[in-house]
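Me: I am new to this structure and would like to go through it with careful questions and answers. Could we begin once the sequence and the model are shown?

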There are 2 protein chains.
Amino acid sequence: MESSNGAEILVRTLLNGGVDVCFANPGTSEMHFVAALDKVNGMRCVLGLFEGVVTGAADGYARIADKPAATLLHLAPGLGNGLANLHNAKRANSPIVNIVGEHRQGHKVTDSILTGDIEGTAATVSDWVRTTTSADNIAEDAAAAIRHANTRPGRISTLVLPADTAWSQTNVDPAADFTPVLSTMPSAEKFSEAVRALRSGERTILLLSGRALRAAPLENASRIAVATGASLLAQYANGRIERGAGRVAIPRTPAPVDQGLAVFREARHVILIGAKVPAPLFGYPGKPDWLMPPEANLIELTSDTDDLEAVLQELASCVGARMMQPHIENLMVPAVPSGALTADAALQAVAALMPENAIVVDESITAGRSFFPISRGSAPHDYLQLTGGAIGSGIPMAVGAAIAGGNRKVINLEGDGSAMYTIQGLWTQARENLNVLTIIFANGGYKILKGEMASVGAADWGARAERLLSVVEPEISYVRLAESMGVEAAMAQTAEELVRLIRYASALDGPFLIEARIQ
Amino acid sequence: MESSNGAEILVRTLLNGGVDVCFANPGTSEMHFVAALDKVNGMRCVLGLFEGVVTGAADGYARIADKPAATLLHLAPGLGNGLANLHNAKRANSPIVNIVGEHRQGHKVTDSILTGDIEGTAATVSDWVRTTTSADNIAEDAAAAIRHANTRPGRISTLVLPADTAWSQTNVDPAADFTPVLSTMPSAEKFSEAVRALRSGERTILLLSGRALRAAPLENASRIAVATGASLLAQYANGRIERGAGRVAIPRTPAPVDQGLAVFREARHVILIGAKVPAPLFGYPGKPDWLMPPEANLIELTSDTDDLEAVLQELASCVGARMMQPHIENLMVPAVPSGALTADAALQAVAALMPENAIVVDESITAGRSFFPISRGSAPHDYLQLTGGAIGSGIPMAVGAAIAGGNRKVINLEGDGSAMYTIQGLWTQARENLNVLTIIFANGGYKILKGEMASVGAADWGARAERLLSVVEPEISYVRLAESMGVEAAMAQTAEELVRLIRYASALDGPFLIEARIQ
């Protein structure tokens, strides 16, 4: 083929590897990549006005598309701005290919103002980091980045791209062959250990996360539970759960430490399938670091690279459950609420009105804690959560989920405190006319921290602390915020108003924001 | 003394060390520190709704107060969100003491969701990092953090505070004695080398940065120039320049690479005083990595820890210039502009109307490039710049500068693209009723990148690239954005409107934002 520059080879390699969406916040060192995006057809480019929007969108995209998007970030500070949502993405096992522009090789020795430690910054949230050193290597390096991102259960690759490797010419072709994604299975001994526990007659919890929470594997998990009397439980935080009517319902481990301990108290065996050892979100004075009783038997059935769907099918066979009827939820939506707009009334309205096949992005923190039980029999939907605890995930995740979801309605349940971290994402929703309904649970502050002050034994606080825990004085108008960035918005102060606005927004094919003033 | 918990000892040590402002964005692991802020009097606590606001405010505070503020950040992701403005602060030599909350020691082994590599993240932007291991060590560790921050020329300390060290009791007293800040001087040989160059009769540039750009040392620099015929030049990016009427004017190295090369082309000697080797901001195809001609004589007169004021005084003595009259600017403000609102008309309005002793925070990127010459004879003011190129610095820096500046008016010249990175800082301006006038130069996009596309030889771009370089579609209303967060705001579309609004805002004792629609 004719000679191309490295940036064009990179774009063609990404496209050949199935990476056809690029969330970008470019700077000078990425200009040739931007030019290549222009020259080569096939890449959807989505601008974020802040890098946290870019990385959070890539996370949301990966959760729905089950494949990586690329991000385009500018040097170490740009990557730094994207770290928090890469942290969340890593904990969701979302595959992502980060492209981070770097100074021309050699330019770094002059320590010009944007010079920083890109690899060191990337290492804290990436599973794979490489700096490409020549336009001739870009095809191979980009293919490796894609391959690593697609390695089960989904990983974060960061490819650092010095500007001269992007602008130099090369005769090397873009990579075209991509290794299929391999998966593994637990050993026969591991299966035997799990089967012994399941057949022991003692209390056993199947603790699930990752791909085990999709509809088909959940049916097998339910068959196992029906056959053996085991309980199903999901991790507290999960990248994606397929749930609602026609699917198996699974409760999640509660966030408050005492409730978490109570759920595991009677367990004699805990079998992990894609899940981590259950732990409280934080360490508290006088509380244990594990939620399981120390004497319980922990069976880590799966490893990272296992095919969780196949594991649950195999485990169902082992316990003779393949022919059992799984416990499937019937469609049973709550009544539309009326009267005072409490948090639960707002959740009830969403559970009652959400359309079939919606994607729910939940960063409502305290306000949304009842959504899971309330929406158990709602129309079938995907449920995406804040997985890493780094708030500022919801608005960007909704961006990415909407782009991956095509015409699916995305409903973002968003805390007022957390909304402010990456509020710029609303602008991208407007620009791309994304089908996102954002509901801000406006309760005036970091309500979770007020609970946490008590949990750590610092319950009695005064004015200086209060000012660090509330976001009133002045009150924020989320309606004006949204409108300033081109997103239509309105306020709801009663349940009836919220219901009316959800109905209105459901009919739109574009973004809308409701500021729900929670009482 | 009676037993206190570690958090209280930390707050008392900070106060004893002169650190009496804390910019905070706390989470669960910092609740005891928040409680201690409540219990111990004397710390001004300022909430930022995003960590980039917190670290940028600490940067602005340090530039004006010449001492560190504390930041309070939540685990690795919270620190990550603050990295970009720590990068800028580091390049401004701003002293900062970061306090980063960490899980209880031992809790990390469970890998709960917010677990991350705090020290690894901090290392990329800190000069000193330590994790405290016991409440008994906190006084000593915090004193070391303050000492390192105050080391010339101003450094970034990061103290990681596991939750249990904050909540545990200790009988160790808060630290009370703080080592005075030491400084060094260049060797006699270095001075001789500089003097030889200055007396050579060949073209010599004194390239200054850091504390050399304060009013008094600039007078000595001017005396040297008058006595020897040397030229004065400031680095492109500097933390703070004292300038305007009654002070010595110094030009800055231009940002565009060709202009930068032109400034140095004739130089035979370049003497660095607090400055780095002059380099283009980026590497470009076919352009050198240094701005100086390769044959010029580079004299690195000062080291990091030198007292730059004393160096300039000594150098003036060495060349017999102590009695020379420095070249002082007379008060000479431009006329107030009228007609079309161009970028230069807007800058002229600011230069004409700014009150005495104002603090100008300049993150206007391309739009503000003429501000420096236009305001040469304006009322005396401090000029604070984006030092690290990581945009999103201006609005937070204005927060910190206003808090350090007391009643001084802060004028933030802000690009529309860069404003969106840390727009949440406006809320803190409203809450603290800070004396900040923000002027948004609304030109619809990342104008600098359009110039850079051409500089790197990718001048000819199409629709996909254009969408990555502009922030219109939809247009952002900065007026509504500001109002949504409690900041009064208005739009100016002509020079007359801008002049009227600047006059109105000058009389306010609180924040105001002007959206200047630049033609």
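**Contacts between and within the chains**

Reply: To start with one pair, Asp289(B) and Arg104(A) form a salt bridge whose closest N and O atoms are 2.8 Å apart, a salt bridge being a side-chain nitrogen of Lys or Arg within 4 Å of a carboxyl oxygen of Asp or Glu. This is a predicted model, in which local features need pLDDT of at least 70 and side-chain atom pairs count only at pLDDT 80 or more, while totals for chains, interfaces and linings use all residues. Residues are numbered from 1 along each chain as its sequence is written, chains are lettered from A and ligands numbered from 1 in the order in which they are written, and side-chain values use heavy atoms, with hydrogens and water left out.

Me: What is the mean pLDDT of chain A?
Reply: The predictor's confidence in each residue is given as pLDDT, from 0 to 100. In chain A, 99% of the residues reach 70 or more, and the model as a whole scores ipTM 0.96 and pTM 0.97. The mean pLDDT of chain A is 94.

Me: What is the area buried between chain A and chain B?
Reply: Buried area is the accessible area (1.4 Å probe) that two parts lose on being put together, summed over both. The contact, meaning heavy atoms within 4.5 Å, takes 103 residues from chain A and 104 residues from chain B. Carbon and sulfur atoms give 60% of the buried area, which comes to about 8,400 Å².

Me: Which element gives the largest share of the side of chain A that touches chain B?
Reply: Across this interface the rule finds 10 salt bridges. Helices (H or I, at least four residues) and strands (E, at least two) are DSSP runs, numbered from the N terminus, and those that give two or more residues to this side of chain A include α2 (31-39), β3 (44-47) and α4 (75-91). The largest share, 8 residues, comes from α4(A).

Me: Where in chain A is the partner of Arg91(B) in a salt bridge?
Reply: Arg91(B), in helix α4 (residues 75-91) of chain B, forms a salt bridge with Asp111(A), with the closest N and O atoms 2.7 Å apart. Asp111(A) is partly exposed at a relative accessible area of 27%, where buried means under 20%, exposed over 50% and partly exposed in between (1.4 Å probe, protein chains only). Asp111(A) lies in the loop between β5 (96-102) and α5 of chain A.

Me: Is Glu432(B) buried or exposed?
Reply: Glu432(B) forms a salt bridge with Arg44(B), the closest N and O atoms being 3.1 Å apart, and the two residues are 388 residues apart in the chain. Arg44(B), in strand β3 (residues 44-47) of chain B, counts as partly exposed at 35% relative accessibility. At 14% relative accessibility, Glu432(B) counts as buried.

Me: With which side chain does the side chain of Glu242(A) make a polar contact?
Reply: Glu242(A) is placed in strand β11 (residues 241-243) of chain A and is buried, because its relative accessible area is 14%. Glu242(A) is also one of the residues linked in a network of salt bridges, among them Asp66(A), Arg211(A) and Arg408(A). A polar contact is a pair of N or O atoms within 3.5 Å; within protein, one must be able to donate a hydrogen and the other to accept it, and residues adjacent in sequence count only if both atoms are side-chain atoms. At 3.3 Å, the partner of Glu242(A) is the side chain of Arg240(A).
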